[in-house]
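Student: Please show me the sequence and the structure. I would then like to ask about them piece by piece.

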Amino acid sequence: MNQSAKRHSPLQAALIGGAIATTATISLFGQAWTKCVQAALQDSPKALVDQVWQLVNREYVDGKFNQQDWQAIRQSLLSKEYTSNEQAYVAIRQALQRLGDPYTRFMDPKQFEALTRQTSGEVTGIGIRMEINEKNQRLTVVEPLENSPAQKAGIKTGDEIVAINGKPTLNMKVEEASNLIRGQAGTAITLRLSRPGKNQFDVKLTRATIEVPIVNYTLKQDGGRRIGYIRLREFSSHAADQMRKAIRDLNRQNADSFVLDLRGNPGGLLQASIEIARMWLDNGGIVKTVDRVGDSEETKANRTALTNRPLAVLVDGNSASASEILTGALKDNNRAVVVGSQTFGKALVQSVHELNDGSGLAVTIAHYYTPKGTDINKTGIIPDIQLDLTEAQERQLAANPNLIGTLNDPQYARAILALSNTKFAQPTTPSQTSQNTQPLSIRAEDLKF
């Protein structure tokens, strides 16, 4: 999970842009020596090394630094000469490895840009999803994104991209095509397309900043109920707005139950998970974070729920971080029945910083607990109804994504059965004891429909 690059509350919004200045030096060598070092380090690879050291020294959740002598590590880092930023990157990564925390990590400028783009929930381009068609090995449009330049220009699902700005796409990989299509907002690009029953034609577009849809939803008629099915892929900065729209739209369509699918959701922004939890919960705790000195902060629901209809949550081993905060809040407050496989088990919060050269640093700053005080780190959340897919079922869903969220999807189908059970028919208050104190384990192959 990502957190603010500045000294905000652990529960505030994440990834505040802009480079942060090199922090004040804490040194064992005396103030005069420190000033000389600061002058010598200005705009050098050593400045980057020391900036990383300072951020970890100030914020890292473990004040003992995994039993490492962090001051000695700084002396070692600054005693070396670095002829390039790349050499500094190697030294930084080696130093961070000694913390034994895979989530406290250094990112080079390209990696940091990718993370920023992902958590922002925006891309700059023309707004299409592409794939290589397995039958003819041609670059094909999967779908144009809503309100994108591609959609407005009339590009359709199934269109084959023959050339990008005159460069043929034959044998081109999706990643290479994406790099050619991306560009600064306001710049022009021309695609040559092929469409069945029509000669090849050119489409001129202007790149724009596009909000990436990460919430998909639909109303289903399953199990004698009107099911509002919502799939959330990640917790980007637009996740809460898209979730709010989905719930309200499904309410207007008179959904009488909901299935929230968090399978494969790796997490994202902490604040997004809190905002979304408040859309489902009127009362009760959401999450508690504890920092390096033991100070804790609890976040609770604030009577802003958009629905009190019965809810099932789908999770699997790839549901992590912010997904587990949301799942834990709904489970501990008896607001939802959780169905699927045991979750990933990441209960750590990171702050993300942009460094002087455009690289980035994620630092673990806090540990979080579910409303009942459960530490799920490295253990995950055990669903109320534990149902693991067989390898054959996983392959079938991977090969046929349209089956996800249908009665041919065993975990979704089991959620529908659970919603029909009066035990889970209505949400209970946080003070009530859950009627489902032990997880129910069912094999997917035992389900028959």
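**Questions on the model**

Student: Is Trp-280 buried or exposed?
Tutor: Buried means under 20% relative accessible area, exposed means over 50%, and partly exposed lies in between, with a 1.4 Å probe and protein chains only. The relative accessibility of Trp-280 is 1%, so Trp-280 counts as buried.

Student: What pLDDT do local features need?
Tutor: Residues are numbered from 1 along each chain as its sequence is written, and side-chain values use heavy atoms, without hydrogens and water. This is a predicted model in which side-chain atom pairs count only at pLDDT 80 or more, while totals for chains, interfaces and linings use all residues, and local features need a pLDDT of at least 70.

Student: How many helices and strands does the protein chain have?
Tutor: Both are DSSP runs numbered from the N terminus: helices are H or I with at least four residues, and strands are E with at least two. By that reading the protein chain has twelve helices and 20 strands.

Student: How many residues of strand 12 are buried?
Tutor: Strand 12 covers residues 257-261 and is mostly covered. Ser-257, Val-259 and Asp-261 point one way, while Phe-258 and Leu-260 point the other way. In a regular strand the side chains alternate between the two faces of the sheet. Residues on either side of strand 12 are buried, and the count is five of five.

Student: Which residue of strand 15 is the bridge partner of Asp-261?
Tutor: Two strands pair if DSSP finds at least two bridges between them. Strand 12 and strand 15 (residues 311-315) run parallel and are joined by four bridges. There, the partner of Asp-261 is Leu-314.

Student: Which residue stands opposite Val-259 of strand 12?
Tutor: Strand 11 (residues 225-232) runs parallel to strand 12, and five bridges join them. The residue opposite Val-259 is Tyr-229.

Student: Which hand does the β-α-β unit of strand 11, helix 8 and strand 12 have?
Tutor: View the strands pointing away from you: if the path from the first strand over the helix to the second runs clockwise, the crossover is right-handed. Helix 8 covers residues 239-252, and the unit that strand 11, helix 8 and strand 12 make is right-handed.

Student: How many aromatic pairs are counted?
Tutor: Rings of Phe, Tyr and Trp (its six-membered ring) pair if their centres lie within 6.5 Å; planes under 30 degrees apart are stacked, over 60 edge-to-face, and the rest tilted. By this rule the number of aromatic pairs is six.

Student: How many residues apart in sequence are the parts tied together by Tyr-229 and Tyr-412?
Tutor: These two rings form an edge-to-face pair, 5.6 Å centre to centre with 85° between the planes. Tyr-229 lies in strand 11 and Tyr-412 in helix 12, so the separation in sequence is 183 residues.

Student: In which helix does Trp-280, the partner of Phe-258, lie?
Tutor: Phe-258 and Trp-280 form an edge-to-face pair, 5.3 Å centre to centre and 75° between the planes. Phe-258 lies in strand 12, so the pair ties together parts 22 residues apart in sequence. Trp-280 lies in helix 9.

Student: Which lysine lies over the face of Tyr-229?
Tutor: A charge sits over a ring if NZ of Lys or CZ of Arg is within 6 Å of the ring centre and within 35 degrees of the ring normal. At 5.5 Å from the ring centre of Tyr-229, the lysine is Lys-220.

Student: What is the relative accessible area of Pro-213?
Tutor: Pro-213 lies in the loop between strand 9 (208-211) and strand 10 (215-222). Contact means heavy atoms within 4.5 Å; leaving aside neighbours within four places in sequence, Pro-213 is in contact with Arg-129, Leu-145 and Gln-242. Pro-213 is partly exposed, and its relative accessible area is 25%.
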